[in-house]
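Notebook open, model loaded. I want to look up a few packing details and jot them down as I go.

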Amino acid sequence: MNRWKKTYTITEHFNVTNASTENILSKEPLEDKPWYKRISFKPFLGMFYVFITSFCILFTSVIVKKLTYVSPGQLSMIRNLGVLAFSLPIAVLKTKDVLGPRKHWFMLFMRSFLGSTALYLNLMAYRFLPLAVASIIMSSVPALVMITARLYLKEPCGLTSSLALVVTIIGVLVSIRLPEIISDPESLIESNSTYYIGLGCSFSCIIILSMTFVSLRKMLDVHFSTILVYFGVIGAIENAVLIHFMSFYSIPRCGWDALLMMMMGVFGFGGHCFLTMAFQVEEAGLVSVMKSSSDIVVSIVLQVIFFDLIPDFYDIGGALLVIMSVSIIGFRKWLINLPKDHHLRKTLRCLML
């Protein structure tokens, strides 16, 4: 047994000790590091992912408004095919069964059907409405999800959430210029006859999206790539049927338009991926708040850059009200998830009502 034992001399022991001590002393103190190395960017990672998601999704809306001779159904089908092309390899590599668990097949089909319908209505709304107005209406989805979750999942809805919902409704009504519609509806119809079509599509879209988000809570054990595969296949078939009966196919007039049409699929898949990564590094409530806020801000910036439309009082007022109400909803969810003995729960207990 003794031949297997390794003996160390006193010199070797001190050499190991001195080497480890030198490594510790050689580390650069925190004060001597540059400022960008002393800051931890991990808390801002979720915000960065959400911002990229908003840019990808809203850039597809800019393409819809630029390619006016191409029907929203055709662009929606291209986006669905792009999502399918990029998500199918991920589903094959990451999942054992691309079709997902058998018990979720019906929910996957319904979610994909509703999601593709909402996407078609979303693009229709962006086609007929200003970019900022459509984004403000779409950003009210978290408040509507709260109502749907109360009806179908029996989730509690307190006083704070109800007040935030009322503020959201007021913000949306301000953004769609309800005072002008009530005072002189005929002038608005004459100046922009498709305005009401865009409003109908946007409100239908957020109702369907709220049901889609509630259905996702029942499929937590399904990989996101499987959901996107269903979304791509069913959405492409649905949009092909809609184009056949309600619209027509258009050929790109130039190479630049063909590139923009292909970018619909790329940016559509990128928006889904970055949103998934945001949910992985940050809480769902905070992600929904950040996405609603960033959607409004990014839409106003893109509207100014690409369409030279300066936001007016209605746009800014409605945007601030919606951002405030959605922030209250997200902050309330964050407070509820804190430990019961946390001091913020006692200090801000009025927001938990």
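At what angle do helix 3 and helix 5 pack, and how far apart are their axes? Before answering I remind myself that this is a predicted model.

**Entry 1: helix 3 against helix 5**

I looked up the pair and got an angle of about 60°, with the axes 9 Å apart. Helix 3 covers residues 45-66, and helix 5 covers residues 105-128. The angle makes helix 3 oblique to helix 5. I also checked the handedness, and helix 3 passes helix 5 in a right-handed crossing.

On the helix 3 side I found Leu58, Ser61, Val64 and Lys65. Their partners in helix 5 are Leu123, Tyr126 and Arg127. Sorted by class, this contact has four nonpolar, one polar and two charged residues.

**Entry 2: Ser76**

I moved on to helix 4, where Ser76 sits. Is Ser76 buried or exposed? Its relative accessibility is 0%, so I log Ser76 as buried, the cut-off being under 20%.

What does the side chain of Ser76 pair with? I find a polar contact to the side chain of Asn239, at 3.2 Å. Ignoring neighbours within four places in sequence, I list Leu119, Tyr120, Leu123 and Asn239 as contacts of Ser76.

**Entry 3: Asn80**

I stayed in helix 4, which runs over residues 72-94 and also holds Asn80. Asn80 has a relative accessible area of 0%, so I put Asn80 down as buried too.

Which backbone atom does the Asn80 side chain reach? I get the backbone oxygen of Gly235, at 3.4 Å. Setting aside residues up to four places away in sequence, Asn80 touches Leu119, Phe231, Gly232, Gly235, Ala236 and Asn239. Asn239 also turns up in my list for Ser76, and so does Leu119.

**Entry 4: the whole chain**

I zoomed out to finish. I count 16 helices and zero strands in the chain. Of its 353 residues, 44% count as buried. For contacts with a separation of 6 or more, I noted that 82% come from residues 24 or more positions apart.

Definitions and conventions
Residues numbered from 1 in each chain as written. Predicted model: local features only at pLDDT ≥ 70, side-chain atom pairs only at ≥ 80, totals over all residues. Heavy atoms only, no water. Helix = DSSP H or I, 4+ residues; strand = E, 2+ residues; numbered from the N terminus. Buried < 20%, exposed > 50% of the residue type's maximum accessible area, 1.4 Å probe, protein only. Polar contact = N/O pair within 3.5 Å; in protein donor to acceptor, adjacent residues only side chain to side chain. Contact = heavy atoms within 4.5 Å. Axes fitted to C-alpha atoms, helices over the stretch in contact; angles between N-to-C directions. Parallel < 35°, antiparallel > 145°, perpendicular 65-115°, else oblique. Left-handed = near helix turned anticlockwise from the far one by under 90°. Nonpolar A, V, L, I, M, F, W, Y, C, P; charged D, E, K, R; others polar.
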